[in-house]
Amino acid sequence: MAIKIVEVGPRDGLQNQPVILPADIRAAWINKLYEAGLRSVEVGSVVRADRIPQMANSEEVIELINPPEGVDVGVLVPNLKGLERITNPKVNDIGVFTAASNTFNEKNINTNIAGSLERIRPVVEQSLSRGLKVRGTVSCIAACPYEGVTDIATIVSVCEALYQMGCYEIVLGDTIGAGTPERIREVINALTPSIDVSKLALHAHDTHDNAIDNVAAALELGVSSIDAAAAGMGGCPYAPGAKGNVSTMKVVHFCHQEGLETGVDEGMLSIAEQFILRAIDQFS
Ligand code: MG
């Protein structure tokens with residue numbers, strides 16, 4: 001069985017580092033991730049530079065990357081204004097995001113769940129009409145840093161809304177790493193009556209060093225798309241205490257141990273990790 005690893009380090013990882021890297025370094029890293037065999041990479045986001053300065057110049061990064069034929073070149077897009085900034089034909093995968101928590105959305109994007117879905121709808125419509133596919137992330141699927149454990153029915157309705165809009169994949173974001181294998185199973189089992197498991201992905205955080213157990217639980221239930229960040233970078237600027245994303249190496253190594261294919265070369269991935277860790281060190 002083949003597992004799709006979605007590398008989110010160049011966006012979710014770097015935006016949480018207290019260092020602003022030049023576009024050419026970000027692009028060189030992404031190219032190394034492609035060389036390691038990653039075929040789905042979130043390369044940046046088109047958010048306001050004053051809010052997330054680490055992601056400024058994502059357009060320049062996109063100019064400089066050399067994605068192999070057929071790969072997913074993902075960019076996170078908060079609204080229609082962001083989508084208008086995406087003009088480079090290399091980009092084929094638009095990321096939209098909301099949360100299963102009104103308070104988290106208010107803090108992150110200044111609107112509640114319903115407001116976020118209204119903002120996302122035209123982004124999905126226009127992306128699809130431009131021939132771009134759309135991946136939708138729902139944050140706080142285990143717990144919200146402000147509201148605590150989130151409601152399963154709310155998660156299901158938000159995921160269904162994104163799926164019905166036309167998202168090809170729904171990403172279950174355990175934003176603060178509060179998930180346990182039991183919780184991950186509960187969420188997936190609540191979703192699969194209405195959304196096929198092949199359309200689900202897991203975005204795990206390693207706050208309590210148990211992310212790989214959550215990944216394993218998702219894989220056992222048939223999820224075959226896993227977000228991860230090289231060198232385990234990340235956190236969330238709007239989720240106090242959130243630690244890094246599950247590391248790509250951990251997920252890739254685990255998959256290989258289990259006899260699952262990822263297409264990723266662990267040695268080349270290690271080289272890509274060392275490259276970005278050195279760059280962060282150098283620019284800090
Ligand atoms: Mg994350």
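Helices (H or I, at least four residues) and strands (E, at least two) are DSSP runs, numbered from the N terminus. Under that naming, helix α9 is followed by Gly222, whose phi is positive, near 105 degrees. The model is predicted, so that local features need pLDDT of at least 70 and side-chain atom pairs count only at pLDDT 80 or more, while totals for chains, interfaces and linings use all residues. Residues are numbered from 1 along each chain as its sequence is written, and side-chain values use heavy atoms, with hydrogens and water left out.

- Helix α9 (residues 211–220) is largely enclosed by the rest of the structure, because eight of its ten residues are buried, where buried means under 20% relative accessible area, exposed over 50% and partly exposed in between (1.4 Å probe, protein chains only).
- The buried residues of α9 include Ala211, Ile212, Asn214 and Val215, and what covers the buried residues includes α8 (181–191), β9, β10 (225–228) and α10 (248–257).

- Strand β8 (residues 169–173) is mostly covered, with five of its five residues buried.
- Glu169, Val171 and Gly173 point one way from β8, whereas Ile170 and Leu172 point the other way; in a regular strand the side chains alternate between the two faces of the sheet.
- Strand β5 (residues 133–139) runs parallel to β8 and is joined to it by four bridges (two strands pair if DSSP finds at least two bridges between them), and Thr137 stands opposite Val171 in β8.
- Strand β9 (residues 200–203) also pairs with β8 in the parallel sense, over four bridges, and here Leu172 stands opposite Leu202 in β9.

**Helices α5 and α6**

- Helix α5 (residues 102–109) and helix α6 (residues 113–129) pack at an angle of about 55 degrees, with their axes 8 Å apart, the axes being lines fitted to C-alpha atoms, for helices over the stretch in contact, and angles running from 0 to 180 degrees between N-to-C directions.
- Asn102, Asn105 and Ile109 in α5 meet Ile113, Ser116 and Arg119 in α6, where contact means heavy atoms within 4.5 Å.

**Cysteines**

- A search of the whole structure finds zero disulfides, a disulfide being a pair of cysteine sulfur atoms within 2.5 Å.
- Cys144 is in no disulfide, and the nearest cysteine sulfur, that of Cys140, is 4.5 Å away; Cys144 is buried, with a relative accessible area of 4%.
- The sulfur of Cys159 is 9.9 Å from the closest cysteine sulfur, in Cys167, which is too far for a bond, and Cys159 is buried, with a relative accessible area of 0%.
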